[in-house]
Structure formats: C-alpha cells, structure tokens
Amino acid sequence: MKQNLSNEKFTKLSIVEVPDGVIGNIHQFRNFDPSRIVHYELKNERLLLFMDEEMRLEAMAEFRSTAEAFHYEVGRGVRPEVEAFYRFDYKDDFSELLFTVDRIKYEQDISAEMIEMSIVEDAIKYQIYSRRAIHVQVKYIDYATNQIFVQRNYPVVR
C-alpha cells in the first residue's frame, strides 16, 4: 500500500522481492515497519517491498548482526545458552553455517535448535534483502570427532 509519495520519489525506491513460502505466506503480509517499508505489493507470487536504499542496507546489517553476536558469544563461551558450542562460523553470504559442538550437550539442549532457527531466519532475510540466491546449509560438527553429524538445508521445500 502506497504512502503519499511523488512518482519521482517512488521510482527511486529500492525493491526487495520476497518469494512466497520462504519466510511465510506473502498473502498474509502486514507492514509492521512503515518507517522502513514505504510501499508493498504482490506481483507474480512475489511480495515486493519498496524502501529507500539506506533502509535496505540497514536491514541487512540488522540481519547480519544476529550471526555476528552469536559468533561473539560462542567465542567468549560464558553464557549458558552457548555451552554446547565450541565454534560458530559462516560464509559471508550466509550460504553455509557451521556449528562445532559438544554432541552430547547439543543433543540434550533444545535451545540449540532454537538458536539455529533464529540465525537461519535472519540469514535468509539477509539473502533476500541482498538479492542473493536463497539457500542456507547448516552443518553440525562434533568437536570430539570432527565429523559432521547433522546437515540441513533451508528453506525447506514443501
């Protein structure tokens, strides 16, 4: 829904395309961030978000900060939420997330998967806003054996 924008201003906006089903049902989208998203519309089974370029870059920085903060916390190794984690690495485009963990602690700690989902969600949003291919591969490596014991790909195709 278009706010009161001049045609000149409207044509200068950046567009972010969100495919249906990747981070929700685009037909149910509600704009809870009108200061960032100044207009949106559905077109060819894609949600088009219109925003100033600096807002798009700001959103990308916010999405990136989730992985950066987790990387920092794992490096510190102080908080109980990261007790199962030895390392967390990721490719710059978030196409791969590598969690090195104490496998026994990981399998006993449900919060580990919740952390994964939070990071994956922001990684996918980062890819969408950066106009990259949308694909995140998650690998869990057992610290003791250096073997991959879990591997998942997102988004999950339904």
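The largest pocket of this predicted model holds about 360 Å³ of space. A pocket, on a 1 Å grid over the protein atoms alone, is an open set of points where a 1.4 Å probe fits, with protein on both sides within 12 Å along at least five of seven lines. The model is predicted, so local features need pLDDT of at least 70 and side-chain atom pairs count only at pLDDT 80 or more, while totals for chains, interfaces and linings use all residues. Residues are numbered from 1 along each chain as its sequence is written, and side-chain values use heavy atoms, with hydrogens and water left out.

**Largest pocket**

- The lining has 18 residues, and those closest to the pocket centre are Ile23, Phe29, Leu49, Lys125 and Tyr129; a lining residue has an atom within 4 Å of a point.
- Strand 3 (46–51) and helix 4 (111–129) are the elements that give two or more residues to this lining.
- Helix 4 gives the most, with three residues.
- Helices (H or I, at least four residues) and strands (E, at least two) are DSSP runs, numbered from the N terminus.
- By residue type, the lining of the largest pocket has 11 nonpolar, three polar and four charged residues.
- Ala, Val, Leu, Ile, Met, Phe, Trp, Tyr, Cys and Pro count as nonpolar, Asp, Glu, Lys and Arg as charged, and the others, Gly among them, as polar.

**Second largest pocket**

- The second largest pocket holds about 190 Å³ of space.
- Its lining has 11 residues, of which Val22, Met117, Ile124, Tyr154 and Pro155 are the closest to its centre.
- Helix 4 gives the most to this lining too, here with four residues.
- Eight nonpolar residues, one polar and two charged make up the lining of the second largest pocket.

**Asn31 and its surroundings**

- Asn31 is placed in the loop between strand 1 (14–19) and strand 2 (39–43).
- The Asn31 side chain reaches the backbone nitrogen of Asp33 at 3.0 Å and the backbone oxygen of Ile37 at 2.8 Å.
- Leaving out residues up to four places away in sequence, Asn31 touches Ile37 and Tyr40 (contact means heavy atoms within 4.5 Å).

**Salt bridges**

- Side chains of opposite charge can pair when their charged atoms come close.
- There are 13 salt bridges in the structure (a side-chain nitrogen of Lys or Arg within 4 Å of a carboxyl oxygen of Asp or Glu).
- One of them joins the side chains of Arg36 and Glu58, at 2.9 Å from N to O.
- This pair links distant parts of the chain, with Arg36 in the loop between strand 1 and strand 2 and Glu58 in helix 2 (residues 53–76), 22 residues apart.
- Arg36 counts as buried because its relative accessibility is 8%, and Glu58 counts as partly exposed at 37% (buried means under 20% relative accessible area, exposed over 50%, partly exposed in between, with a 1.4 Å probe and protein chains only).
- Asp33, Arg36, Glu58 and Glu62 are linked in a network of salt bridges.
- Another salt bridge joins the side chains of Arg64 and Asp92, at 3.2 Å from N to O.
- Arg64 is in helix 2 and Asp92 in the loop between strand 4 (85–90) and strand 5 (96–101), 28 residues apart, and this pair also links distant parts of the chain.
- Arg64 counts as buried at 15% relative accessibility, whereas Asp92 is exposed at 53%.
- Glu121 and Lys125 form a salt bridge with their closest N and O atoms 2.9 Å apart.
- Both lie in helix 4, four residues apart, about one turn of the helix.
- Glu121 counts as partly exposed because its relative accessibility is 39%.

Key. Points joined across faces, edges and corners; volume = space filled by probe spheres on them. Polar contact = N/O pair within 3.5 Å; in protein donor to acceptor, adjacent residues only side chain to side chain.
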